[in-house]
Amino acid sequence: MEKYDVIIVGAGPGGYVCGIQAAKAGLRTAVVEDREVGGTCLNRGCIPAKAMVHASSVYREMKESEQFGVFASEVRYDYGKILAYKEGVTEQLCQGVEALLKGNGVTLLKGKGRLEKGKVVRVVSEAGETCYEGERIVLATGSKPFLLPIPGMELPGVLTSDELFRLREVPDSLVIIGGGVISVEFASVYANLGCKVTIVEAMARLLPNMEDREISQNLRMILKKRGVEVFTSAAVQRVEQEEDGYACVFLEKEKEVRVSAQYVLCAVGRIPNTDGLLGEGVDLVLEKGRVVVDENFASSVEGVYAIGDLIKGMQLAHLSSAQGIYVAEHLAGKAVTVDTGLVPGCVYTDPEIAAVGITEEVAKEKGIPVKTGKFVMSANGKSLITKEERGFIKVVTEEGTQKVLGAQMMCARATDMIGEFVTAIANQMTADQMLKGMRVHPTYNEGVGEALEDAVGEAVHIMPKKKPQ
């Protein structure tokens, strides 16, 4: 039986990164994958979704170009070419991941991996079955879409995000069950392309997992302006087939409401993909379907680790990659270089949304005295040039020390700019330290400086607060 120092089951953003880092550290490493490398994020999630966001945003911007004095007649799109563009991006990145694995000496084992007793991984493919022994094994098989346990979910017009990507035409209308990140991004894409979109969310607001309520309020107003109808505090009861489509039936204020559409998208989250992962007699402790791990991502089985969507926590590609780096460094006996506890969250709507650390509301709940700085981006030169919609940058600092504790952003390029705050919080920087570096004018990033200056009481482009009489 062939033996490896590390065998990783799953080649998603956690698995392939872990494999490359382990190989770089001198460990003989294999990665097992039965589909395309890159996992859900690269093939059925983050990357294709963001490509669709970009393409649909270009179309909307062209239709609205008259505000810049640019006139484009008969603006149209070819959905087939949009899909080809999306698939081309994915294919190029997949090839890049395969090249990285090969270039770093990682063995790619094609087939479905199953953990057996004795730290053995059985790889099942069309060619047969082969067993490999691993000194350490890392489980990184990711997640799959979750379908609500309600009547009608089995109907052919009820789709998951995976199936929505496979549609060859833009729907005339779409009801999206769920108001989280996946929901609002798809709502933006298809509304931009002329689809009538309705969102039905059980919680009281959109993006309920993002703690800043102002973000949810602004996003709802922007989506409404773009023709998206939003129902919140709405409990979906069932989906029914109609003559020309499907009806989503839900309760709103104890009253039954029906919304009809060509398709229904169920976007209420994802669950760990453990199908066929554990062989007979493998006693791996699970909690609500997730692998239980310690602070080093070690499971209840000695020598077996788990990362990414298989374990408790946020289901994000960059978190999975960070955990993969952590485990690889830990297994190699190296000092860990990444903080897996500080996780930025991003939403690729227009404007973009990003957050890291704690909000002012959470700080108050925890009894942490804070000062919050805020800059409304309507006063930012670059935002005025590009005619951005309502946006802001907030920064939360510890009162007295000025240490940066959190940031929330809703503006152009927010997902790029949040990295500055991640670095600052990870290194316990203060607002004054962040302000030492000048920011280029005109840029969206100037808003970061303005928010920091407001937090320390030195803002230049923010009107001073009136003192009480």
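I started with a helix pair: V17, C18, Q21 and A22 in α1 meet S321, G324, I325, V327, A328 and E329 in α8. Sorted by class, this contact has six nonpolar, three polar and one charged residues. A reminder to myself: this is a predicted model.

Next I looked up the geometry of that pair. Helix α1 covers residues 15-24 and helix α8 covers residues 317-331; their axes come within 8 Å and cross at roughly 30°. Angles under 35 degrees count as roughly parallel, so α1 is roughly parallel to α8. I also noted the handedness: α1 passes α8 in a right-handed crossing.

Then I moved on to helix α7, residues 213-225, where I found N218. Is N218 buried or exposed? Its relative accessibility is 5%, so N218 counts as buried. I set aside the neighbours within four places in sequence and found N218 in contact with R390, F392 and M410.

K394 pairs with E214, and their closest N and O atoms are 2.9 Å apart. This pair links distant parts of the chain, with K394 in strand β23 (residues 392-398) and E214 in helix α7, 180 residues apart. K394 counts as buried at 12% relative accessibility, while E214 counts as partly exposed at 21%.

One is E135 with K3, where the closest N and O atoms are 3.6 Å apart. E135 sits in strand β6 (residues 128-139) and K3 in strand β1 (residues 2-9), so this bridge ties together parts that are 132 residues apart in sequence. Both ends came up as partly exposed: E135 has 34% relative accessibility, and K3 has a relative accessible area of 42%.

Another joins the side chains of E420 and R439, at 2.4 Å from N to O. I placed E420 in helix α11 (residues 414-426) and R439 in the loop between α12 (431-435) and α13 (446-456), so the pair ties together parts 19 residues apart in sequence. E420 is partly exposed, with a relative accessible area of 27%, whereas R439 counts as buried at 18% relative accessibility.

Conventions: Residues are numbered from 1 along each chain as its sequence is written. This is a predicted model: local features need pLDDT of at least 70, side-chain atom pairs count only at pLDDT 80 or more; totals for chains, interfaces and linings use all residues. Side-chain values use heavy atoms; hydrogens and water are left out. Axes are lines fitted to C-alpha atoms, for helices over the stretch in contact, and angles run from 0 to 180 degrees between N-to-C directions. Helices (H or I, at least four residues) and strands (E, at least two) are DSSP runs, numbered from the N terminus. Angles under 35 degrees count as roughly parallel, over 145 as roughly antiparallel, 65 to 115 as roughly perpendicular and the rest as oblique. A crossing is left-handed if the near helix is turned anticlockwise from the far one by less than a right angle, and right-handed if clockwise. Contact means heavy atoms within 4.5 Å. Ala, Val, Leu, Ile, Met, Phe, Trp, Tyr, Cys and Pro count as nonpolar, Asp, Glu, Lys and Arg as charged, and the others, Gly among them, as polar. Buried means under 20% relative accessible area, exposed over 50%, partly exposed in between (1.4 Å probe, protein chains only). A salt bridge is a side-chain nitrogen of Lys or Arg within 4 Å of a carboxyl oxygen of Asp or Glu.
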